[in-house]
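Please examine the sequence and the three-dimensional structure shown below. The paragraphs that follow lead through selected elements and residues.

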Amino acid sequence: MQKLQLWERYKNRLYHHAELELSVDTSRMNFPDSYLDQMEPRLQKAFEEMAELEAGAIANPDEQRMVGHYWLRAPELAPTAELAEQIKAALASVKAFASSVHQGNIAAPDGHRFENLLVVGIGGSALGPQFVADSLGSAQDRMKVFFFDNTDPDGMDKVLAEIGSGLKRTLTVVISKSGGTKETRNGMLEARQAFEKAGLHFAAHAVAVTGSDSELDRTASQEGWLGTLPMWDWVGGRTSVTSAVGLLPAALQGIDVDRLLAGARICDQATRSRSTRDNPAALLALSWFHATAGKGERDMVLLPYKDRLLLFSRYLQQLIMESLGKELDRDGKKVLQGITVYGNKGSTDQHAYVQQLREGVPNFFVTFIEVLKDREGASMLVEPGATSGDYLSGFFQGTRSALYEKDRESVTITIREISPASIGALIALYERAVGLYASLINVNAYHQPGVEAGKKAAGTVLKLQGEILEMLRRQSERDFTCADMAMTLARPEEVETVFMILRHLAANPVHGVSATTEEKVWENRFRAAR
Ligand SMILES: O=P(O)(O)OC[C@H]1O[C@](O)(CO)[C@@H](O)[C@@H]1O
């Protein structure tokens, strides 16, 4: 298509929201103009399902749950007055807690204000808080934020080393909707040990965000933590960033959570429109449907031209892939659905994988995110008439054109600046796009049955490890190959798992297991240290 024709298509298709200062440009998606009309019946059905969801329908039938993240920024829309009150009360508690911490009314045991914040969580209980912290943080933050988002001991040691002697003025927020996630439980225990080693009483440094009567809730109340903020079963982990999960860390960091919620609320209003052309989330969902044939046939590459949006692709990876990646559709038919999401940031990726995007396997579409405002304050000229930010803009435009010339399609989202409101709007935009797209492809976006399989299998491995350790200790006079051990435990079919467990045990001193080094690694002999 010629440049001037594309310009006409740009003007015809551009969605712009004046108050949010947010645009969605689908002109570089090669669907015909008739596509929207053709998809209209399916879209209207998706809008209807979304309206039912917002009205409190059981939108997650597998778990018999309502799906209410939209109420978090408009409590008056919650289906009962009681829920509305709970949402308002939780927000008030978040703000009151953060303000008490900032004013020193809730202080470190040494009487000083808390200066650091250690957030412990995983998945939806970490990715949203991390994205918000990274996109909106600054040198002026009220608290310096750190994360434990895994059960990797070395990763936690690295964070603790960074905090160093600052631990005595560190507040720990442990976040888990279920309150039973092992990675988070381990992170909490490791944090507690670090505090105790430093002669500090963990409970005086800890606050929880969790579901009522969860394991974490009970621990926090039995140990007398500083407080507990609620999570509800009608908020999914991956859509929990506008609940206390995201708001408490953000408020403690000093981010204006009211503006974040306001941005999300305004975007929610826009994305409730049943006029497809006026609904930016519907335009995104339709673009995904077009690009992937509604079957995940192409990957979604996110290219935000702004360092502060680096973690957006990680955040969206969970939101999109955990929501859409489903074996069965809502009628129980095998569909193997999903959209693969990856990305980092422009212009950096220009020097990494954009080569393949332009010339290699054409199995993707791009979402560019453009931010008009370069920085606070003035910019130097890096050469006559051009700033670093002009270059960033030039590289964005250049890559968009270079890809389109080669029939690589893209959507571009433009925001004026990075602010709490625009981050809230981006979050809400994608939450709604995922919900609408899930309706279009008839999958339940609000459960995650596949994740349970890995969790169960990990439990089996840990149980087998217990049996192996017991056997090594009981027969400490002898050594075992993995095959010996599997036979001795009467689990010959588990020999590979036994080998992997033994190899890991011997690599770490805590269990007191040693290994010989044989020519073939699977013939190594293991024994308990005497
Ligand atoms: O908040 P929780 O219950 O600890 O769960 C953490 C994450 O684990 C999952 O349930 C599965 O990975 C995610 O959906 C969720 O965000």
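In which helix is the place of Ser-100? Ser-100 belongs to helix H3, residues 81-103; helices (H or I, at least four residues) and strands (E, at least two) are DSSP runs, numbered from the N terminus. Residues are numbered from 1 along each chain as its sequence is written. The model is a predicted one, in which local features need pLDDT of at least 70 and side-chain atom pairs count only at pLDDT 80 or more, while totals for chains, interfaces and linings use all residues.

Ser-100 counts as partly exposed because it has 14 C-beta neighbours inside 10 Å. A residue is buried if 20 or more other C-beta atoms lie within 10 Å of its own, exposed if 12 or fewer, and partly exposed in between, with C-beta atoms placed from the backbone. Leaving aside residues up to four places away in sequence, Ser-100 touches Asn-105 and Ile-106; contact requires that the C-beta atoms of two residues, placed from the backbone, lie within 7 Å. Between Ser-100 and Val-510, which are 410 residues apart along the chain, the C-alpha separation is 41 Å.

Glu-54 lies in helix H2, residues 35-54. Glu-54 counts as buried because 22 C-beta neighbours fall inside 10 Å. Its contacts, not counting residues up to four places away in sequence, are Tyr-70 and Leu-77. Gly-68 is 14 residues from Glu-54 in sequence, and their C-alpha atoms are 6.6 Å apart in space.

The next topic is the sheet. An open sheet of mixed pairing is formed by 6 strands in the order S1-S2-S11-S10-S8-S9, where two strands pair if DSSP finds at least two bridges between them. Strand S1 (15-17) and strand S9 (341-343) are at the edges with a single partner strand each, so one side of each has no neighbour in the sheet. From one strand to the next, the twist averages 15 degrees; axes are lines fitted to C-alpha atoms, for helices over the stretch in contact, and angles run from 0 to 180 degrees between N-to-C directions. Strand S8 (residues 299-304) runs parallel to S9 and is joined to it by 3 bridges. Met-300 has Val-341 in S9 as its bridge partner.

Helix H11 (residues 312-324) packs on this sheet, where it touches S8 and S9, and its direction makes about 175 degrees with that of S9. The 13 residues of H11 reach 17 Å from first C-alpha to last, close to the 18 Å expected at 1.5 Å a residue; the expected span is 1.5 Å times one less than the number of residues. Among the buried residues of H11 are Phe-312, Tyr-315, Leu-319 and Leu-324. The buried residues of H11 pack against helix H4 (127-136), S8, S9 and H14.

Helix H14 (residues 420-440) has 21 residues and spans 30 Å from its first C-alpha to its last, close to the expected 30 Å. H14 is mostly covered, with 20 of its 21 residues buried. Asn-442, which follows H14, has a positive phi near 60 degrees.

Elsewhere, strand S5 (residues 170-176) pairs with S6 in the parallel sense over 5 bridges. Thr-172 has Ala-206 in S6 as its bridge partner. Strand S6 (residues 206-211) has 5 of its 6 residues buried, so it is largely enclosed by the rest of the structure.
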